[in-house]
Amino acid sequence: MCIVLDYIQKYPLRAKQILGINYEQFQSLLKAAAEKHLKMKKENEKQKVRINSPGGGRKELLSTSEPICLCLFYLRQIPTFEILGMLFSVSKSKANATFHYWRKILREILPCILLEQVGNQEGDLIIVQEILTSFKLLVDSVEQPIDRPSDNEEQKKFFSGKKKQHTLKSQVVGLPEAKDIVDIEVGFPGSTADINLFRQQQTKFDEGQEFEGDKGYQGGNNITTSHKKKRNQKLSDQQKEENKVLSSKRIFVEHLIRMIKIFPIASQRFRLNSDVYKQIILIVCGLVRLRIGA
């Protein structure tokens, strides 16, 4: 018996609050994940040297839909694995192993950014890059707290002066009106300057691509930033009005970041092994794109 899955099936309208995506999106994700799981299972069977006939051995404790629900529930609610196991009627270690197996499948079936979605076909990528030049893309960074590193040099590297704690920084590039996540750079030390991240990320786009960002991106090429008040000087009325117009456009990249932070695993202190950080954030971005229908 799975309490979470039974509850969602009984009250489908609650799915978005519990899993981060609505019930219809959950059902489509179940189908895609199940197909990928069966494909992987068949490939593994071909490599095995069997003594017994297929179908033997211990039966799975969870049905196909339950482990996917478990994985999504953890990303949305981040309970301890002991509590997660209790909710899905499995042991703590089984809950842990199930999550880490299915997160890999979710990563494969959910394109996390627009550039990844079209990246498999070089011709498509070039076309999309050209189309994007008709927009001013929005860019902003986000930081997530991590445990304090034990090494002194690592502490300095990951300490964010802005957040006054040790963090990992990511940078999001989005379409106007928060219609899609175009690109994301994940898991840089908190001390990394926004402008340096931007210059690295800019190489993925057409040379004529224009961007809009906050004051942290001043000095970058092809990016419009708000006016910064100089020492002992005031902004003119025109500069204030231009800042206001830019802020009204930039707010949409904040909306994308807010939707990423709807999943606490991407906003609260990261508790899992740092080796899986990038994959977890990319899975969350894929779920956000599914949520907004990108």
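Let's start with one side chain. Gln129 extends its side chain to the backbone oxygen of Lys204, at 2.7 Å. This is a predicted model, so the distance given here is a computed value.

## Where Gln129 sits

Which helix holds Gln129? The residue belongs to helix H8, which covers residues 122-132.

Is Gln129 buried or exposed? Its relative accessibility is 18%, and because buried means under 20%, Gln129 counts as buried.

## The chain around it

Stepping back to the whole protein chain, you will find 12 helices and six strands. Taken along the principal axes, a box of roughly 80 × 45 × 40 Å is filled by the C-alpha atoms.

The protein chain has 294 residues, and 45% of them count as buried. What share of contacts between residues at least 6 apart in sequence joins residues at least 24 apart? In this protein chain the figure is 63%.

## Surface and charge

The protein chain has an accessible surface of about 16700 Å². Carbon and sulfur atoms account for 49% of that surface.

As for charge, the protein chain carries 47 positive side chains and 34 negative ones. The centres of these two sets are 6 Å apart.

How values were computed:
Residues are numbered from 1 along each chain as its sequence is written. This is a predicted model: local features need pLDDT of at least 70, side-chain atom pairs count only at pLDDT 80 or more; totals for chains, interfaces and linings use all residues. Side-chain values use heavy atoms; hydrogens and water are left out. Helices (H or I, at least four residues) and strands (E, at least two) are DSSP runs, numbered from the N terminus. Buried means under 20% relative accessible area, exposed over 50%, partly exposed in between (1.4 Å probe, protein chains only). A polar contact is a pair of N or O atoms within 3.5 Å; within protein, one must be able to donate a hydrogen and the other to accept it, and residues adjacent in sequence count only if both atoms are side-chain atoms. Contact means heavy atoms within 4.5 Å. Accessible areas come from the Shrake-Rupley method with a 1.4 Å probe; for residues, only the protein chains shown count as cover. Lys and Arg count as positive and Asp and Glu as negative; His and the chain ends are not counted. The place of a charge is taken as NZ of Lys, CZ of Arg, CG of Asp or CD of Glu.
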